[in-house]
Amino acid sequence: MNVYEQVIELAKRRGFFWPSYSIYGGESGFYDYGPLGVLLKDNVIRTWKEAYVSEGGIMIDTPVIVPESVFRTSGHIEKFSDLATECPKCHNREKLETVMKASGNENVINDENQANEFLAANTVKCVKCGTRITKAFESKQMFKIPDQVNSGNLYLRPETAQGIFVNFKLLNTVFRGKLPMAVAQLGKGFRNEISPRQGLLRMKELNMGEVEVFVIPDKKYWKELIAGDEIKLVPKTGPEVSSDVRSAFEKGIISSNAMAYFINKTYDILKNVGIKHENIRFRQQHDDELAHYSVDTWDAEALLDDSWVEVVGIADRNDLRKHQDATGESVSVKVDDADVIPSIIEPAYGIDRMVMSLLMNSFYTRENGFKVLRIPEKIAPYHAAVLPLVNKDGLDLLAKELHEKLLLNDPYVYFDQSGSIGKRYARQDEIGTPYCITLDHDSATEKTVTVRERDSTKQTRISMDSLIEYGIIGNPEIRKFRETLQ
RNA sequence: GCGGGCGUAGUGUAGGGGUUAUCACAGGAGCUUCCCAAGCUCUUGACCCGGGUUCAAAUCCCGGCGCCCGCACCA
């Protein structure tokens with residue numbers, strides 16, 4: 001089994017996530033987050049949110065249902081409902097436009113019925129095997145909400161970004177008219193994937209954390225760059241280089257200050273949630289793979305089972321003017337007495353892909369075959385587990401008492417008294433709990449406990465009072481112990 | 001969506017026209033246990049769904065759904 005398969009197996013067995021609606025046969029493209037998965041995902045979201053709030057970003061929450069007019073302006077209606085054809089013989093699928101052109105027809109047809117009439121009257125051949133194509137169909141990538149009676153058509157959003165763009169003026173007023181301004185939105189997006197696969201990596205309903213950074217177009221400046229870590233960068237024009245973002249910007253590998261800044265920031269976020277730095281790279285999209293709205297995009301990719309998977313896309317886009325043109329509502333901001341329509345640098349995070357990537361990066365099999373999730377302590381579903389070494393001599397009661405007290409500071413503390421101590425350590429290792437707090441005979445007399453660190457399995461003895469007073473994460477004695485493990 | 005492979009307890013599996021459907025791990029109850037899935041007793045739990053063939057289908061056939069691999073798609 002490769003890491004992906006092992007993580008999927010563990011995720012289902014321990015309750016991180018599993019396919020939705022399985023008792024009805026399943027529905028591909030949808031996954032449920034289980035008890036541990038919800039906690040883990042929330043921690044990823046919290047990390048992302050705190051990273052942007054501390055950056056001075058502001059947040060918004062807008063509906064998942066969006067009127068057609070918005071997506072007409074954004075270009076999604078036009079770009080995401082292609083007419084397509086399939087060869088009746090070799091089943092090769094192409095855009096209608098492509099096969100038409102290949103057969104010498106320059107007509108542009110945008111209607112399914114018209115397309116079928118045209119194909120019935122004219123000979124259009126498969127570009128691969130030459131068989132005549134007779135049918136076209138509409139390939140919709142957005143979910144349309146049916147049966148609208150009084151309003152126009154409505155769609156489920158494929159990205160959360162438009163909810164920010166249409167509120168730009170209100171947001172900027174709240175932000176007291178300043179630029180640059182970063183607005184973040186967390187929410188569900190919906191994409192009608194033709195063939196969803198790979199668990200959380202490609203779902204029809206996904207969790208997105210999108211940030212729209214509005215900058216002055218001729219500068220595209222956010223903040224002064226710091227050198228930061230060396231990051232793997234794959235520019236569209238050349239081979240991979242390893243460079244900090246400041247020198248990459250200075251050398252012109254990255255085109256703007258804001259793009260460089262948020263590449264570095266994204267790198268930090270991915271590292272903080274538990275993706276190893278050597279498994280992160282930023283790849284600049286080639287011109288032919290750019291989204292319709294973007295002129296330059298760098299994807300953050302994570303190395304999972306020997307293939308690079310896009311986890312975050314950082315796009316240089318310019319949607320505001322389109323909304324101004326469509327609605328007549330001004331989107332310009334006064335900068336030094338000039339009216340400026342901001343440009344946008346958009347880091348868009350696939351939250352589910354971050355969860356999957358961190359699990360696959362954390363997964364580790366010990367020599368004895370036991371599995372461990374080496375999740376960063378702040379990201380792990382539980383921070384610690386309280387375990388009585390044995391269930392007699394009052395140790396179980398003492399442990400329960402300590403558990404109750406710890407919960408006052410930190411709700412993410414587990415209690416387990418069933419099975420041998422080794423079995424309980426193994427259980428916690430498998431769900432990524434960084435610390436196990438064990439009570440033994442000395443605990444009763446000395447008011448101390450042992451703390452076992454997950455990755456090293458080493459233990460230290462600290463006072464119960466310290467745990468109660470300082471909690472687990474950030475506890476000075478645990479900190480000190482950790483340093484001895486390096 | 002196409003082609004190929006595969007669907008048996010929570011997980012991993014054995015088997016396969018008539019069986020009480022195999023085994024292990026996990027789970028639950030208890031005993032034992034002073035530090036890494038130990039041991040003992042008891043115990044919960046499965047043939048993806050529908051149709052067909054047959055006296056009889058988990059087993060054979062067809063369809064659906066799901067998963068995996070390739071192709072295509074991936075704003």
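View 1. Over 2 bridges, strand 8 and strand 9 (residues 154–156) pair in the antiparallel sense; two strands pair if DSSP finds at least two bridges between them. Strands (E, at least two residues) and helices (H or I, at least four) are DSSP runs, numbered from the N terminus. Look for Lys144, whose bridge partner in strand 9 is Tyr155. The open sheet has 3 strands in the order 4-9-8, with antiparallel pairing. Strand 4 (65–67) and strand 8 (144–145) are at the edges with a single partner strand each, so one side of each has no neighbour in the sheet. As you browse these views, please keep in mind that this is a predicted model: local features need pLDDT of at least 70, side-chain atom pairs count only at pLDDT 80 or more, and totals for chains, interfaces and linings use all residues. Residues are numbered from 1 along each chain as its sequence is written, while chains are lettered from A and ligands numbered from 1 in the order in which they are written.

**View 2. The surface near RNA strand B.** Helix 14 provides the largest share, 7 residues. By type, the surface near RNA strand B has 13 nonpolar, 20 polar and 15 charged residues. Nonpolar here covers Ala, Val, Leu, Ile, Met, Phe, Trp, Tyr, Cys and Pro; charged covers Asp, Glu, Lys and Arg; the others, Gly among them, count as polar.

View 3. Arg424, Tyr425, Gln428 and Asp429 are the buried residues of helix 14. They lie on the same side of helix 14, because they cover an arc of only 140° around the axis, where the arc is that of the directions from the helix axis to the C-beta atoms. On the other side, Gly422 and Lys423 are exposed. A residue is buried if 20 or more other C-beta atoms lie within 10 Å of its own, exposed if 12 or fewer, and partly exposed in between, with C-beta atoms placed from the backbone. The cover over the buried residues includes strand 21 (371–373), strand 22 (384–388), strand 24 (435–439) and strand 25. After helix 14 comes Gly432, with a positive phi near 85°.

**View 4. Strand 19 and its partners.** In strand 19 (residues 343–350), 8 of its 8 residues are buried. One side carries Ser343, Ile345, Pro347 and Tyr349, and the other Ile344, Glu346, Ala348 and Gly350. Strand 11 (residues 205–215) runs antiparallel to strand 19 and is joined to it by 6 bridges; Val213 has Ile345 as its bridge partner. Strand 16 (residues 307–317) is also antiparallel to strand 19, again with 6 bridges, and Ile314 stands opposite Pro347.

**View 5. Gly187 in strand 10.** Gly187 lies in strand 10 (residues 181–190). It counts as partly exposed because it has 19 C-beta neighbours inside 10 Å. Beyond its neighbours within four places in sequence, Gly187 is in contact with Asp61, Val64, Thr160 and Met208; contact means C-beta atoms, placed from the backbone, within 7 Å.

Terms used:
Contact = placed C-beta atoms within 7 Å.
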